[in-house]
Structures are given as C-alpha cells and as structure tokens.
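Subject: The structure we talked about

Hi,

Here is the structure I promised to pass on. Please open it beside this email and follow along.

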Number of protein chains: 2
Amino acid sequence: MTSAKLIALATAGVLTAQLTAGPAVADELMDMANEFFEPIPATIPAVKDNPVTDEKVDLGRMLFFEPRLSRSWLISCNTCHNLGTGGDDNLETSIGHGWQKGPRNAPTVFNAVFNIAQFWDGRAEDLKAQAKGPVQAGVEMANTPDRVVATLKSIPEYVSLFETAFPGEKDPVTFDNMAKAIEAFEAKLVTPNSPFDRFLVGDATALDATERQGLELFIDKGCVSCHSGVNVGGNGYFPFGVVERPGAEILPAGDKGRFQVTKTAAEEYVFRAGPLRNIELTAPYFHSGKVWDLEQAVAIMGTSQLGEELGDDEVKAITAFLRTLTGEQPEVEYPILPLETADTPPPEAMEPLGQ
Amino acid sequence: MTSAKLIALATAGVLTAQLTAGPAVADELMDMANEFFEPIPATIPAVKDNPVTDEKVDLGRMLFFEPRLSRSWLISCNTCHNLGTGGDDNLETSIGHGWQKGPRNAPTVFNAVFNIAQFWDGRAEDLKAQAKGPVQAGVEMANTPDRVVATLKSIPEYVSLFETAFPGEKDPVTFDNMAKAIEAFEAKLVTPNSPFDRFLVGDATALDATERQGLELFIDKGCVSCHSGVNVGGNGYFPFGVVERPGAEILPAGDKGRFQVTKTAAEEYVFRAGPLRNIELTAPYFHSGKVWDLEQAVAIMGTSQLGEELGDDEVKAITAFLRTLTGEQPEVEYPILPLETADTPPPEAMEPLGQ
C-alpha cells in the first residue's frame with residue numbers, strides 16, 4: 001500500500017474502524033463503499049478537447065472495426081479489444097502483424113474513459129493519444145500516420161464523414177481526427193448497472209452475503225488503496241510487488257513498466273493499477289497475462305501487494321465481490337464500411353511463417 | 001461458353017434475336033433479364049435439412065463472430081468473411097493461423113445461400129458443410145471438431161443456447177449443430193433491393209443508359225451463360241479459360257480447381273462461376289485474387305471465356321451494370337459472447353515470425 005493512500009485511509013478512520021469492528025450491517029458497508037467507489041455514470045463523461053457528438057461516435061465506430069487502418073487489412077481495434085468478449089482478446093498478449101506477439105496483455109476498452117491514463121504504463125494521457133499507438137506499433141497494426149491518412153482520403157465516404165464529424169475544419173481527414181473519432185466512440189463503451197453499481201446507489205440486495213464479505217475484505221485488507229474510484233482501479237501507479245515481487249513467471253524482469261516512460265528508478269516495475277470493472281471477463285490477468293484464474297490473481301495480489309497470505313475463504317469472497325463488477329455490455333451495430341478505391345494503398349502482409 | 005448453355009441460349013432464341021436486333025427498349029430488356037436472372041427473394045430461402053429458426057440464427061450469429069472456435073482464439077468466421085466489407089476480407093488470399101495464407105481468395109458469405117454449392121470448387125454441398133471446413137483447416141482456424149465441442153460444452157451459456165436451438169436433441173452441442181446454426185445465420189445474410197433487383201421487378205428507371213447497355217452486352221456476349229440466376233453466377237462449374245487460359249499470374253498452374261474434388265481430367269482448372277452479387281465490394285477477383293480492378297477482370301473474362309477482346313466502352317458498360325448488383329448490406333448487432341470457464345481448452349498460438 002502506498003503511504004499516501006495509507007494516510008488517506010487512516011485519516012478517514014476507516015482502517016481502524018474496519019479492522020476492529022465485526023461485519024458491518026448493510027447500510028454501513030454501503031456508506032463506506034461510497035467513500036471509495038463511484039457508480040458508472042448514466043451520461044457519457046466529457047472528454048478533454050474532444051466534444052462527443054453523434055457524428056464522431058458513428059465515424060469512430062466504423063474506424064474501430066476498420067481493418068484497413070492496419071498495414072495488412074486484417075487487424076482492427078476490435079481484433080484485440082473485442083467488444084464481444086469484454087473489450088479485450090482473452091490472450092496472454094495480443095497477436096498482431098505477422099502473428100507477432102505484443103509485449104503486454106491488452107487492456108479492456110470498456111470504461112477505459114475513466115482511467116487516469118491509458119496503457120499499463122500510462123504513457124498515453126487519454127484515449128485519443130492511445131488510439132494512435134497500436135495503429136503504428138510494428139507488432140500490432142504496423143501502419144504509419146501518412147498511410148492511414150492516404151487510406152482514409154482515398155475513400156470518398158470517409159472524407160465526407162470526417163467533414164461532418166469535424167465541421168469547419170479545413171483539412172478534417174487527419175491522423176489526430178481519426179484518433180478523436182475513435183475516442184468519442186470508446187467514451188460510450190461503458191458498462192453500467194452492475195450489481196455493485198446497484199449496491200452503490202442504494203440497493204442493499206444487489207450483493208449477497210459472500211459478495212458483501214468480499215467487499216468488506218477488499219476495503220479492510222487494503223486492496224482499495226490502489227483499486228478505488230469509478231473503475232475500481234485504473235487511477236494511479238503502483239509497484240507490482242509493493243511488499244514482495246512475484247516471480248519472473250508473472251513479473252518478467254525485462255518489462256520495467258512505468259520506468260520506461262519516466263526513466264525514474266523509483267518507477268521500476270511500476271504499473272497502472274488494473275481497473276477491475278468486468279474483471280471476470282478479461283482473463284488472463286496482469287500486464288504479463290500469465291494468470292488465468294481470478295482467485296489465483298487475488299491470492300497473488302495478497303502476497304505481492306499486501307504482504308499477506310489470504311485464506312481460501314477470503315480469496316473466494318473477494319473474487320465473488322469482483323464478479324459483481326460485471327456490468328451491462330454495450331450493444332453495438334456492426335458497421336458497414338465504405339468501399340476502397342484504386343487510390344487506396346493496398347494491403348501489405350508479411351510472409352507467412354516458414355516462408 | 002459450355003455447349004449445354006449455348007444450346008439453352010439458342011433454344012430460347014435469345015442469342016440470335018439479340019445479336020441481330022438493335023438495342024432493346026426498356027421493357028424488352030427487362031423481359032429478357034427476367035429470363036436469365038431472379039431478384040433476391042424477400043423471404044429467407046429454405047435450407048436443406050435445417051429449418052431456419054430465430055434461436056438458430058441468434059446462436060449462429062454468436063458462433064460466426066466467435067474467435068474461440070479457432071485454435072488461437074484470434075480468428076472467427078468474420079475475420080475472412082467480414083460483414084462490414086462485403087462479406088469477404090479484401091485480401092488476395094486470406095490470412096489464417098500463424099499468419100499463413102490460404103490457397104484461394106475468400107468468397108463472400110453474402111447471398112452464399114443461393115450458390116449451387118460452396119467453395120470455389122464446390123466441394124461443400126451447402127453452407128453447413130462449408131462451415132466445418134475453415135474451422136479445421138490448418139491454414140485457417142486450425143481447430144478440431146473435438147476441441148470445438150469441448151470448448152462449446154465448457155461454456156454453460158452455449159450449452160443452454162444449443163439446447164434451445166436444437167430442442168429435443170439428446171446431445172445438442174455437436175460440431176454438426178455448430179455448422180447448422182452458422183448456416184441458419186448465414187442464410188439471412190442476403191442483400192436485397194439492388195438497382196438490378198428493382199429493375200427485375202419492374203422499375204425501368206433503376207438502371208441508367210450505360211447500365212442497360214452493360215446488361216445487354218452481358219447477355220449478348222454470353223457472360224450470362226455462366227453468370228445467371230439469382231446470384232448472377234455461383235450456379236455451375238466452368239473452366240477458367242473456356243477459350244484461352246489466362247497466364248499463370250492469374251491462373252496459377254498448381255491449383256487445378258474442381259479436378260481436386262472429382263479427379264476427372266475434364267475438370268482441370270474448372271471452378272464454380274463466381275456469383276457476381278455485390279461484386280464491386282469484393283475485390284480482388286478470381287479464385288487467385290490476383291486482379292483488383294473490376295474492369296480488368298471483365299476484360300480478362302472476355303478473352304479467356306468468350307474469346308473476345310472487349311472494347312473499352314463495352315468493358316465500362318458491363319462494369320457499370322455489375323455495380324448495379326450491390327444490394328442493401330445486412331444490419332447485424334455485434335454479439336456479446338459468453339464467458340469461458342476453467343474447463344475451456346486454452347488458446348494455442350503458433351510462435352511468431354522469426355522466433
């Protein structure tokens with residue numbers, strides 16, 4: 001637990017109260033939960049420097065599913081952030097251009113708008129900055145901004161849709177605007193009305209006894225010091241291994257996390273705390289994607305972050321609570337994409353394996 | 001042109017009439033078109049041995065987008081038969097497991113229910129037989145029937161959906177039923193109300209003068225002898241190179257087409273005539289996927305199948321007609337897929353390139 005958070009908890013009198021009191025009655029637990037967490041809001045959150053309009057969202061939906069943003073014409077945002085499987089790809093690390101594997105587990109796009117920053121190391125300040133990354137990454141979509149813009153400009157329907165989504169701009173078809181449209185679409189990919197959300201807004205019956213016990217443990221044991229807010233995480237950076245670093249099979253030595261962004265020694269093996277919304281849908285876990293079982297992930301967090309071997313019943317209760325974070329998945333109509341033209345840069349695929 | 005078709009045309013008195021008469025007036029052309037073609041029907045066609053029910057269609061939609069039908073968990077039916085880009089992948093040949101490339105261009109899934117048989121060589125008699133192919137092909141989804149069934153049975157929601165879609169069956173979660181559900185969904189992937197359909201049912205204004213000229217040429221020159229019926233093709237097998245085989249850059253010598261199915265020497269380089277519905281959306285063309293330009297494809301058909309160097313204006317007119325075959329693309333809601341369990345066989349990916 002970071003000292004700042006510990007102080008915050010101690011100041012609130014929560015740790016002491018909870019560690020000494022018995023199981024809280026429903027209302028007290030609800031009140032306490034509301035001190036640390038927020039329900040997913042009913043309205044789309046404002047996005048910095050990018051007003052979310054229907055026109056942008058519609059264009060962004062098309063671009064999110066657009067394989068021609070990749071060099072191969074095979075890979076779209078949805079390939080690794082599959083809206084049908086929790087907004088991620090359920091792979092240890094993603095498969096990209098040429099069947100290369102990415103270095104880290106793909107985070108879910110659902111509720112990502114609520115994160116403090118994007119990527120496991122927070123190197124993108126928001127979703128529009130994030131959207132530019134995979135399009136260019138050699139192991140992902142392997143494209144270039146120039147080639148993306150040439151592609152979009154070669155397709156008259158896209159030119160028209162960009163003009164409508166970015167009215168008054170002299171040259172609306174830009175890599176930046178591509179990212180803004182995708183961000184606008186992604187800002188709508190939220191999963192409200194989970195059992196935990198219903199609990200937060202007053203429905204004491206939304207969690208059963210085990211789930212309540214798990215929520216209490218989650219707060220009491222200190223999980224909440226890194227995993228709080230609307231996304232139950234995703235809002236701060238912490239070392240993986242506050243107390244004890246897990247083995248290299250889970251925390252590979254070569255990936256120093258936020259250190260690679262800040263070059264600060266204190267940030268070696270520091271990562272953005274995982275947002276836990278819909279966590280049951282997004283195995284495998286951690287930036288390394290090495291753990292498939294949610295109970296095992298909880299137990300590892302106990303030893304590495306809290307310095308505590310959680311009991312089986314505690315692990316099961318916390319996991320039961322975490323499953324209450326699964327909300328209503330977004331309903332999305334699959335977009336019909338416009339036709340390319342003779343001016344569209346053609347697909348370029350790497351040679352297949354063994355050739 | 002095959003002799004059977006030539007005889008059919010001659011018997012109908014069409015060739016003679018058309019080759020000697022001048023441009024037909026609209027009604028005559030419409031009448032003639034109705035002798036060779038049929039509009040896309042308003043109701044879902046019956047599917048052999050597989051009544052199309054809402055429950056099957058809903059399950060089939062999920063399975064069509066289900067990446068866990070592939071060994072890698074990356075590839076679904078929609079990867080190569082992308083419903084957003086004309087029901088195909090716009091690649092020369094598809095990219096599959098381990099970034100391997102398939103041997104032939106992926107045909108569109110749209111209106112495939114109207115084809116006489118599936119695959120370029122017709123080796124699958126219908127869509128349920130077809131659906132089993134790519135799932136097992138080593139260069140595509142690289143899975144096995146046993147592993148697919150184990151996957152589906154490990155996911156309680158799928159078990160329940162199969163029970164509902166195949167009521168009364170003792171063991172409904174089978175590889176065959178997976179294929180039947182996909183077939184039921186695909187039977188709904190039709191694209192009605194193209195300009196040509198509107199023309200066929202009586203709207204003389206649906207085609208402009210050039211498109212009418214193209215339609216006349218399409219009939220007069222004999223294109224119609226292979227490309228007729230509701231799918232303007234897809235209903236018979238013909239040599240690629242009736243008159244003159246195209247070069248190996250377009251007709252690779254190693255792919256002998258239907259010969260590989262029937263082992264009959266007469267069927268060397270015989271393929272199912274391409275269905276031309278939505279043809280403008282499904283470049284690149286031919287089983288080899290070597291031709292991106294529709295006008296070039298038409299010109300090649302002229303020399304290889306008709307033994308005739310079509311004039312530029314003829315090529316342009318025929319191409320204009322072909323563009324009237326683009327219908328309303330199906331609207332599909334992206335499915336929310338059920339969660340795997342600890343019993344689900346995990347993804348197995350090949351090593352990336354160069355490793």
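Below is what turned up, starting with some ground rules.

This is a predicted model, in which local features need pLDDT of at least 70 and side-chain atom pairs count only at pLDDT 80 or more, while totals for chains, interfaces and linings use all residues. Residues are numbered from 1 along each chain as its sequence is written, chains are lettered from A and ligands numbered from 1 in the order in which they are written, and side-chain values use heavy atoms, with hydrogens and water left out.

**The two chains**

Between the chains, 43 residues of chain B are in contact with 43 residues of chain A (contact means heavy atoms within 4.5 Å). Together the chains bury about 3800 Å², 68% of it on carbon and sulfur atoms; buried area is the accessible area (1.4 Å probe) that two parts lose on being put together, summed over both. The side of chain B that touches chain A has 23 nonpolar, 12 polar and eight charged residues (Ala, Val, Leu, Ile, Met, Phe, Trp, Tyr, Cys and Pro count as nonpolar, Asp, Glu, Lys and Arg as charged, and the others, Gly among them, as polar). Zero salt bridges are found across this interface; a salt bridge is a side-chain nitrogen of Lys or Arg within 4 Å of a carboxyl oxygen of Asp or Glu.

**Inside chain A**

Chain A is divided into domain 1 (3–36 + 193–323) and domain 2 (54–187), with bounds from an automatic or database domain assignment. Their C-alpha centres lie 29 Å apart. The area buried between domain 1 and domain 2 of chain A is about 2000 Å², and carbon and sulfur atoms give 49% of it. On the domain 1 side, Asn231(A), Arg272(A) and His287(A) lose the most area to domain 2, together 27% of what that side buries. The interface of these two domains has two salt bridges. Asp255(A) forms a salt bridge with Arg104(A), their closest N and O atoms being 2.7 Å apart.

**Some local details**

Pro45(A) lies in the loop between helix H3 (26–36) and helix H4 (54–64) of chain A (helices, H or I with at least four residues, and strands, E with at least two, are DSSP runs numbered from the N terminus). Leaving aside neighbours within four places in sequence, Pro45(A) is in contact with Val113(A), Phe114(A) and Ala187(A).

Most residues other than glycine have a negative phi, and most peptide bonds are trans. Ala142(A), however, has a positive phi, near 55 degrees, and sits in the loop between helix H6 (127–136) and helix H7 (145–153) of chain A. The peptide bond from Ala283(A) to Pro284(A) is cis, with omega near -5 degrees. In chain B, a cis peptide bond joins Ala283(B) and Pro284(B), with omega about -5 degrees.

Happy exploring!
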